[in-house]
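Hi,

Here is the structure I promised to pass on. Have a look at it first, then read my notes below.

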Amino acid sequence: MTHIFLYSTATEVGEPSAALQSAVQKMHDLVADLETKHRFVAVQGHSHTVIPARVTGTSLTSRPRPGYAVTLTTVVEIPTDNT
């Protein structure tokens, strides 16, 4: 078995739940991709951080707004033989 560290991040304006939801969706996509390539994928552990952040939009005229940045780290175990 091999252990892999997966990381996802998100920054959203408003409540921390919005940033957490975005980061969780990205992590879900990473794990789902591994599940299509391997017969066995087990999550061994995870951690997360949620920190206040000033979020700037994509427009040059947008002002920074209060929001949150989230980072998820997940350790997964997959077969060494890649099947």
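What follows is a short tour of the sheet, the helix and a salt bridge.

One thing to keep in mind: this is a predicted model.

Let's start with the sheet. Three strands make up an open sheet, and their order is β1-β3-β2. The pairing is antiparallel. If you're new to this, strands of a sheet pair through backbone hydrogen bonds, and they can do that in a parallel or an antiparallel way. Which strands stand at the edges? They are β1 (2-13) and β2 (42-55). Each has a single partner strand, so one side of each has no neighbour in the sheet. Going from one strand to the next, the twist averages 15°.

Now zoom in on one of the pairings. β2 and strand β3 (residues 65-78) run antiparallel to each other and pair over 13 bridges. To find your place there, look for alanine 42, which sits opposite glutamate 77 in β3.

Next, the helix. α1 lies across β1, β2 and β3, and runs at about 150° to β1.

Last, the salt bridge. How many are there? The count comes to one. Aspartate 33 forms a salt bridge with lysine 37, and the closest N and O atoms are 3.1 Å apart. Where are these two in the chain? Both are in helix α1 (residues 16-37), and because they are four residues apart there, about one helical turn separates aspartate 33 from lysine 37. Aspartate 33 is partly exposed, with a relative accessible area of 37%.

Cheers

Technical notes
Residues numbered from 1 in each chain as written. Predicted model: local features only at pLDDT ≥ 70, side-chain atom pairs only at ≥ 80, totals over all residues. Heavy atoms only, no water. Salt bridge = Lys/Arg side-chain N within 4 Å of Asp/Glu carboxyl O. Buried < 20%, exposed > 50% of the residue type's maximum accessible area, 1.4 Å probe, protein only. Pairing = 2+ DSSP bridges. Axes fitted to C-alpha atoms, helices over the stretch in contact; angles between N-to-C directions. Contact = heavy atoms within 4.5 Å.
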